[in-house]
Amino acid sequence: MSSPDPVNRAYLNHLDADTRRLAAEAEPPGSKFAGAGEALISAVNADIDEHAEDLRRLVQSLHQNPETAFEEHRSAAEIVALLNSYDVHAERGVYGLETAIRAEVGSGGPAIAILSEYDALPEVGHACGHNVIAATGVGAFLSLVRLARSRPDALPGRVVFLGTPAEEGNSGKEYMAAAGAFDDVDAAIMVHPYGYDVAEQVWLGRRLLRVTFSGTAAHASAQPFMGRNALDAASLAYQAVGVLRQQILPVDRIHAIITEGGSRPSVIPESAIMEFYVRSKYPETLKALSERLNKIVEGAAMMTGTGCTIEWDDKPPSLPVRTNRALAGRWTIAQQSRGRSPLPLGVVSETIAASTDFGNVSFRIPGIHPLIKIAEPDVALHTRDFADAAGSQAAELGAIDGASGLACTALDYLCDEALRNAVHEEFEASGGAIDVPHYFD
């Protein structure tokens, strides 16, 4: 019995060294805008520190009781209970999802949404740190509720809290968006835990593809010529994807598996099923890569005389994240007041890139999805080590600092008209809103 060859970490070691060098030289993104002003920002920070124990408890409770996509019933109930304990009316089961949450404070004027995620991964629990994301959003929202009650004129607009289920392997935010969750808000913000503090990072768009090749069964020894081999088609498609990789963009990704390929060697397989994840950095390049993959599977079917059924996106696709840099600058200023120095785009390599359904939000309205450090840089997301980090004291501190950053950024957006105008001018200049549900039609 042999074992897999050990994985060579040389590239990761060089990447880490390069990132550390660039981080030491980098200047955090700045902001030319005044924001909400020192008095209000100080009040928010003091309030969050005063109520930090709420966030610590939420981080730990969710961490100890992980729930996977669409099954976050206990997590959603606990978040609603915490909001209710501060006399906040929070609705659960909104936008057609049993575990989605909405609450609101303020009236009139512009509106900004603060988002929380709280789903976990199978087997490894909160290995993406969504328990921390939940606490940052809840903490930020509650701090602004208390500010509005103590200073009725401090909130010139609305803050909407949205609890968004099912990010892992799904697109809960897209289901909510299709049901109108973002129709009455002007911008959206959230933060994700990580191994670095980062103001802006690349997040790839992602599509899902399922292909069923249909052939003709036959006796593999007596009459193989009477068969049409569906597994041959899947094998050719798999190999063609491997060949295609030489010509795809550096930020493109294709992951493929064959989930069905026959029942026994003596029978020509009449059915084979493949599943793909397809990712790219821009909506346009994701669409182009999808078209190339279509041709591959159609060609494999043609070469083998089989039929094929192509099914894209049984769950809504995720677009890349479009970061609003005017908002990211205010996030950075807020985090610097907590002793953090978020890195600008380009310091952490874009080759280490995942996907998120927040991308779909960011192509509807301006938004940011920064990262906050709770682990060492070499601790990767979706690992047991990161799950451990998500229950650490560093995770608790990340939730507290993240709540401060989100609250201050939201307050800056509502209070500073010049900033708000710049946010929307930047959004329009980068292409404005697109028709997300029909983009790939």
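## The sheet

Six strands make up an open, mixed sheet in this predicted model, running in the order β1-β2-β4-β3-β5-β11. Strands here are DSSP E runs of at least two residues and helices are H or I runs of at least four, numbered from the N terminus; two strands pair if DSSP finds at least two bridges between them. The edges belong to β1 (90-92) and β11 (367-368), each with a single partner strand, so one side of each has no neighbour in the sheet.

Take the β1 end: β1 pairs with β2 (residues 101-106) in the antiparallel sense, over three bridges. Look for E91, whose bridge partner in β2 is R102.

## Helices on the sheet

Helix α5 (residues 130-150) packs on the sheet and touches β2, β3 (111-116) and β4 (158-163), where contact means heavy atoms within 4.5 Å. The direction of α5 makes about 145° with that of β3. Axes are lines fitted to C-alpha atoms, for helices over the stretch in contact, and angles run from 0 to 180 degrees between N-to-C directions.

Helix α12 (residues 393-415) also packs on the sheet, touching β3, β4, β5 (187-189) and β11, at about 165° to the direction of β3.

## A helix pair

Helices α3 (residues 52-64) and α4 (residues 73-84) pack at about 170°, with axes 11 Å apart. That makes the two roughly antiparallel (angles over 145 degrees). From α3 come D54, L58, S61 and L62; from α4 come R74, S75, E78, I79 and L82.

## About the model

Residues are numbered from 1 along each chain as its sequence is written, and side-chain values use heavy atoms, leaving out hydrogens and water. As the model is predicted, local features need pLDDT of at least 70 and side-chain atom pairs count only at pLDDT 80 or more, while totals for chains, interfaces and linings use all residues.

Terms used:
Angles under 35 degrees count as roughly parallel, over 145 as roughly antiparallel, 65 to 115 as roughly perpendicular and the rest as oblique.
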